[in-house]
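I opened this model to look at how its chains meet and how they are packed inside. My entries follow in the order I looked things up.

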Amino acid sequence: MKRVSPVAGALMPTTSKRIAGIAAAALLTAGLASPVAAEDGPIPIGLSLTQSPPGAVIQGEEVLRGHLIARDIINEEGVLDREIELHVQDSQGIPERGRSAVERLIERVGVVALSGQHQSSVCLAEIDVANRHNIPYMNTNCWSDDVRAAGYPQVFNPNIYNSRVAEAMGEAIAQLEGIESIHALAENTDWGIGQAEELGKYLAEHAPDIAYRHDLLDREAEDFTPVVQRIRSDQPDMVVAIMLPPAAYILMNQLAEQGVVPSDDTWLFEGGGLFSYPDFWDNVRDSAVNTIFFDLYHPEMPLSAFGERVRDEYVERYDGTPSRLVFQAADSLLLIAEAIRIAGSTDGDAMIEALQGIELEGSRGVITFSDEPGVLYQQWVDTPYVTFQVTELDQALEDTVFVSAPGVEVNIEALAR
Amino acid sequence: MMTLELILQGLVMGVFYAMMGIGLTLIFGILKVVYFAHGESFMVGAYTYALIAALLGLPLPIALASAVVVGALLAVIVERLLIRPLYEKFGDWQQMRDEYAIIVTFGLSLFLINAANQFLGPYPYHGPALTDIARFQFGDIIIGGHRLVAGLLGLLILGGALWFIQRSFWGKQIRAVAQNRFGASIAGIDTRRVSALVFMLSGGLAALSGALLVPLFHAQPDVGMVPALKSFVIVVLGGMGSPIGAIIGGLILGVLESFGAFYVSYAYRDTFAFVILIAVLLLRPQGLFGERAREV
Amino acid sequence: MNASHLRTRREFLVSLVFLAAVAAVPLFVTSGYLLGIVIVAMYYALLAIAWNLLAGYTGQFSLAPTAFAMIGAYGTGMASYHFGLPPAVGVPIAILVSAVIGMGLGRIVVPLRGPYLALTTIAFAEIVRHVARNAHEYTRGDFGMSVPLISSDRVMAFYLMLALLVAVQVGLYFLLRSHAGLYLQAIRDDETAAAGRGINVIFWKTVAFTVSGAICGFAGAMYVHFSGLASPDIGHIFETGLVLASVVIGGIGTMIGPLVGGFIVQFAAEGFREFGLRHMLVFAAMVILFVRFFRQGLWGLVKNAWDRLFGQGAARPARQVKEAGE
């Protein structure tokens, strides 16, 4: 068989010109269409979030909802007599797509600030662009400590962070009685492993008698039976799951399938803030009963007037309980709007300066940013969090049992087994 | 005891693998090309079961049957639109047919995954279990209720499929086309119909496998990717084109994974299969039950 | 042989004109966003060219091009992350590592053909990706590892990538014109006959794999120094699909096809963002339609159109040669 078919005729010059011409024309038309941000038109703000696989689409949807609600609330009064306009790009959870998405937002749309990203790897790619263009970047939900360690003045973090989550979990665990052994299961990401290791460090320091081990699980996997069998035969007093859906749902169900949880012998502590996902109860059944959850929002948590507005709007529009992501997203946009208001313009430097000194009542407390270098850089250090226990199937968030919060002792009496 | 349990869990998982593998091996048998969109039949079956059983609340047997029908239908449409040129148009199409098959089915896979994401949403769907019994316990061995029931059902179906391929009139035609398409068509076999039948069978079985696993895996757009890759391994392990090989290959892979994950590494659970695939291709390219030489 | 040389030469010259046009882009375009898109397009073009050397010219249908890109990416990424080595050291290490692994894989798969080769290489690619995702101590896990930028100046990064692309295209041209190129194509057309004429099939197949692996590794290393992150997504099976699509859309077994195809696929992926959420859906549909109805690729379409309009006399012998070949 012969694939080669000789070319006939001297077609070279014309064809090549044609190809080169098309390429050049395409680039030129694209390049010349630069954005012109009108001075009195709406203020364009860019959102880069996941809307299609392989990324975390569920999170992306919640983040988007939070921004939409906050936009409408903010636009009731407007900012500097202008409205806020959101421009959404799909980053697919792929760093490269995120990078080009924010470049597109900045250069083609002319956005004055960026917000919305919720996957650490994508954040890490995007903050370089924000840094290069000197545009404020609101990190809505990237927990990885590396985002702050980069030390970019454009990046602000109104959300929780890895080391703090581990500390919060450790505090709660150390106060529970009768726990001698813990088996943590972490997904194979910086987030999962980072948190599992931080938790180990915390426990080694504050509860050295607890035997702690952690294993790595592949978040693409669909069957975790072998590790569940191992746990069943070891019978630890507590299993800590640090994973995200859908793998986390599968893992929890398979723990229940083998009868590891719910049981009188083993607690399950969930560290990924899963309960507030809108599809949680559609996917997780028995294993959630008596599980202790870490989260950033609980109805018993005091909300500001803005927070209550966001919650009510969410209930009305989407007929469900808002998750922490909705509040984080709403806070992100509120911070940007406030920065523009204080700065009196959409100038990058002025907005960054405004944000560095900001003291803003967000949805769940007064937001300020630390200036300590390292993992706390421009972080809202006192992000409120909560641990609570689910005691029944299909329980609503407001009916779950409040266990602890910053500065509040663990309410051991309340815990069911 | 743990050994027995690992074997049992592995065998059950192997049944689902085999249901995926048997269809792929038949497709390979009659076309000699790699079919990349097999995982999407699995995905379609998973969604159909979850949507019909959980959202519409129809009885589970109806949900299972619909999954099979939808999976089979999808595969037949794909065969008609994209695969048929491979054997109908000779000449130009004989060149690059491996490339064509891989790229077109790959594109299809990408298309279906994104279509599912677009129209069904990113949220995973959970389907109801086939039994209310949470788990069965035999001495120290514990196995999930749904897992055992679905596994046994799958085993029955596999037996039926094997009988169909080896003994029935249609099965004989399939094997005739697999041995020699040209010869079979001279002998009066309608090779088009046989191809359509093979795709229907393989799509239906993959969809059923997906439906049976929904209570364990959850339906989501890319749920079929891991099973699809596994089914390649099974097909090579069992010998390309051999249905019995696919069944035994599936069971072996299930058990090996079970032990590998438990004793070697949880994180690399899905990696073992690929190591096995390379080892088999290098040491025994015809697989356990294949008769064909390695050159196709 | 003369016809083949002539054809290669013509395609090569066309590709040089195309590259010259690309080189002029920064003169007209200052947007970093658009330059970034062209840089990524050059990355895909490099992978497509490397894969075309294997599949189009040597007949080895590997499904591991992006695995080698990932090996290159992590080669330089780990050199930088763990040992603080600069790109000037990390990139050569990445090329060396991917060439050696390419040689090993190439030697192993010599006896395999068709679907068997495809499955072995996809298994290899998945193993590499799983290791990158799960060997967290060394690779930082599924989120990937930060890599320093080779240059914060995008125009600089642009020309570095272009230099690599030109070098690869020129190198490939001389390879194809040499005896080696003839051997490779002879092996593709009929392996048994080639062996019968005294061509060392094992050696030359391994060479093709080594060179292809090295180019992919080089491209992957340059790419991460541009994007700043080495992640397992580089080796995702979808990425492999984009590379195959580039070659097929451009025209397989030609010098110009993969180059232009890489640009088209990247531009299309970016352009379809305009469709909002559906861009991946549209893109997948386009791949299917192209492969189903325009199998000779764009280069083939252009060629046919030309033949029909101006070259009737010359087109006829071409068809005869093809039929004789079958």
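**Entry 1: a salt bridge.** I went to A:Asp223 and B:Arg147 in this predicted model. Their side chains form a salt bridge, with N to O at 3.4 Å. I then asked how many salt bridges the rule finds across the interface of chain A and chain B. It finds four.

**Entry 2: polar contacts.** I looked up the polar contacts between chain A and chain B next. The count is 15 residue pairs, with both residues at pLDDT 80 or more.

**Entry 3: which elements of chain A take part.** I listed the elements that each supply at least two residues to the side of chain A that touches chain B. They are α2 (57-77), β7 (211-217), α8 (225-234), α9 (247-257) and α10 (280-283). Which one gives the largest share? I found α8(A), with seven residues. I also sorted that side of chain A by residue type: 14 are nonpolar, 10 polar and 16 charged.

**Entry 4: extent of the interface.** I counted the residues in the contact. Chain A gives 40 residues and chain B gives 40 residues. The area buried between the two chains is about 3300 Å². Carbon and sulfur atoms give 52% of that area. Which residues of chain A lose the most area to chain B? I noted A:Glu222, A:Gln229 and A:Glu257. Together they make up 20% of what the chain A side buries.

**Entry 5: the largest nonpolar core.** I turned to the packing. The largest nonpolar core has 203 residues. I wrote down the members with the most contacts inside it: C:Met42, C:Tyr43, C:Phe124, C:Phe158, C:Leu165, C:Leu259 and C:Phe263. Helix α3 (residues 32-57) of chain C brings the largest share of this core, 22 residues.

**Entry 6: around C:Leu165.** What does C:Leu165 touch, leaving out residues up to four places away in sequence? I found C:Leu19, C:Met42, C:Ala45, C:Leu46, C:Ile49, C:Leu259 and C:Phe263. Among these, C:Met42, C:Leu259 and C:Phe263 are also on the list of core members with the most contacts.

**Entry 7: a second core.** I found a second, separate core of 112 residues. Its members include A:Ile45, A:Val79, A:Tyr277 and A:Trp281.

**Entry 8: chain A overall.** Chain A has 13 helices and 14 strands. Of its 417 residues, 65% are buried. I also checked contacts between residues at least 6 apart in sequence in chain A. Of these contacts, 71% join residues at least 24 apart.

Technical notes
Residues are numbered from 1 along each chain as its sequence is written. Chains are lettered from A and ligands numbered from 1 in the order in which they are written. This is a predicted model: local features need pLDDT of at least 70, side-chain atom pairs count only at pLDDT 80 or more; totals for chains, interfaces and linings use all residues. Side-chain values use heavy atoms; hydrogens and water are left out. Contact means heavy atoms within 4.5 Å. Buried area is the accessible area (1.4 Å probe) that two parts lose on being put together, summed over both. A polar contact is a pair of N or O atoms within 3.5 Å; within protein, one must be able to donate a hydrogen and the other to accept it, and residues adjacent in sequence count only if both atoms are side-chain atoms. Helices (H or I, at least four residues) and strands (E, at least two) are DSSP runs, numbered from the N terminus. Ala, Val, Leu, Ile, Met, Phe, Trp, Tyr, Cys and Pro count as nonpolar, Asp, Glu, Lys and Arg as charged, and the others, Gly among them, as polar. A nonpolar core is a set of buried Ala, Val, Leu, Ile, Met, Phe, Trp, Tyr and Cys residues joined through side-chain atoms within 4.5 Å. Buried means under 20% relative accessible area, exposed over 50%, partly exposed in between (1.4 Å probe, protein chains only).
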